[in-house]
Amino acid sequence: MAQIKGKKQKRVKPELPGGFRDYGPADAIQRSKMIQTIRKTFEDFGFDPIETSAVERTEVLTGGEKESGKIIFNVKGSQEKKGDSSLRFDLTVPLARFISANPEIPKPFKRYQIGSVWRGESPQAGRYREFMQADVDIVGATSVEADAEIIAVFYNVLKNLGVSDFRIKMNSRKILNGIPAYAKLKNEKLFDALRIIDKKDKIGSDAVQKELEKEFGKKVSEKIIEFIKNPQAARNTGIVNEGLSDLEAIFSTARGLGVEESRMEIDYSIVRGLGYYTGFVFEIVFPAVLGIGSIVAGGRYDNLVLQFTGKKLPAVGASLGVDRLYAALEKLGVLKKKRTTVRALLMNLSPQLREKYIELLRDLRAAKIAVDREAERKIVGFFVHATRINGEGSLGNAPE
């Protein structure tokens, strides 16, 4: 034990809280390159960056909803009461506040933001309490072209990252809003039905049907399942017809923007946020990676600034989970990790040449070559470090 003035100093375990993680050089370098590709693709599609504070007023984040309040991390500052401020749990609420506070921004406004968010949820595979999101949104546009562009930008993100196997699953909340009339279900019970349908990927179709039967009875549940399988049967319903027409147009427009038809599919069980989305919804999954869930998710939400201004403002957007994507790419084995950013090593062979080494070091760096000088390492350590540059060797304890 270390001692201070004769007293033993308690040692602290160098551990992170559950749901948080570090990235060492190999992971941090690869993750940074992945983010650069995402950012470049967003900008190629004409999206401009914004940066918002990691800390927001709690009232802004929750909007008074108890469910949102359960997952946030409160911030206690010297000038604040506990709970006055909290860490953001997504990048959409800060966008809504930003737009409301800056109404002069020309519309449509195409924005992207890449940043960390925090949620007090139970950690799962590829899901952490602190994680990074990469969002794009088009604010002030009502057209299906805007919806299709959101699909196209994330399609290109994944293609640019070298991902070959993914599925874009699309639906419309307008279609799902036709369930009550078709299944003779009370309108106020729709969210309960959607909450069960949304479990399909986790528990399977059979378990979903059993839960529906338990909640609504056999006759109603059978009609709900029938609707999910074939909503065209209710096409004479106005809202359903509108949703189906939107999906057809979005599918066709996305194809025109270069999205492969084989990557897209209509899935009428896709629900997304219950009280959030107002129309088109979608998610992107990797079929070959089990247990991680959707990598990208989003859709149309035309109530963006309602809680701040009392008015509706059309918007469509989606969020990519950077850490979840990284975990998925690790499982797929497509990451080519480099253990250092150094591209050249300058070996210190003679103390008499010190000034020459420094001059050469300066010239190489001026030529934009990432170079490191091995002035302190012994010869064995030099060669160990050199293998890291080539992506080989061990990161374990090496002789220095």
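Strand β9 (residues 167-172) pairs with β11 in the antiparallel sense over six bridges, where two strands count as paired if DSSP finds at least two bridges between them, and helices (H or I, at least four residues) and strands (E, at least two) are DSSP runs numbered from the N terminus. Within this pairing, Arg167 stands opposite Val285 in β11. The model is a predicted one, in which local features need pLDDT of at least 70 and side-chain atom pairs count only at pLDDT 80 or more, while totals for chains, interfaces and linings use all residues. Residues are numbered from 1 along each chain as its sequence is written, and side-chain values use heavy atoms, with hydrogens and water left out.

## The sheet and helix α5

The pairing of β9 with β11 belongs to an open sheet of eight strands, in the order β3-β7-β8-β13-β12-β11-β9-β10, with mixed pairing. Its edge strands are β3 (48-49) and β10 (264-266), each of which pairs on one side only. Helix α5 packs on the sheet, where it touches β7 (109-118), β8, β9, β11, β12 and β13, and the direction of α5 makes about 20° with that of β13; contact here means heavy atoms within 4.5 Å, and axes are lines fitted to C-alpha atoms, for helices over the stretch in contact, with angles running from 0 to 180 degrees between N-to-C directions.

Strand β12 (residues 296-300) is joined to β11 (residues 280-285) by four bridges in an antiparallel arrangement, with Glu283 opposite Ala297 in β12. Five bridges join β12 to β13, and these two strands also run antiparallel; the bridge partner of Arg300 in β13 is Val316. Five of the five residues of β12 are buried, so this strand is largely enclosed by the rest of the structure, buried meaning under 20% relative accessible area, exposed over 50% and partly exposed in between (1.4 Å probe, protein chains only).

Leaving aside residues up to four places away in sequence, Ile224 touches Ile179, Ala183, Leu185, Ala193, Ile197, Leu212 and Phe216.

Helix α14 (residues 322-332) has eight of its 11 residues buried, so it is largely enclosed by the rest of the structure. The buried residues of α14 are Val322, Asp323, Arg324, Leu325, Tyr326, Ala327, Ala328 and Leu329, and what covers them includes α1 (25-44), β8 (130-139), α5 and β13 (315-321). Just after α14, Gly333 takes a positive phi of about 70°.

## The second largest pocket

The second largest pocket has a volume of about 220 Å³. On a 1 Å grid over the protein atoms alone, a pocket is an open set of points with protein on both sides within 12 Å along at least five of seven lines, and lining residues have an atom within 4 Å of a point; grid points are joined across faces, edges and corners, and the volume is the space filled by probe spheres set on the points. Residues lining this pocket include Ile197, Lys200, Gln209, Lys229 and Tyr268. The elements that give two or more residues to the lining are α10 (205-216) and α11 (218-229), and the largest share, four residues, comes from α10.

## Loop residues and backbone geometry

The C-alpha atoms of Lys76 and Ser86, 10 residues apart along the chain, are separated by 8.4 Å. In the loop between α4 (92-101) and β7 lies Pro108, which is joined to Lys107 by a cis peptide bond with omega of about -5°.

Definitions and conventions. 1 Å grid on protein atoms, 1.4 Å probe; cavity = no way out; pocket = protein on both sides within 12 Å on 5 of 7 lines; lining within 4 Å.
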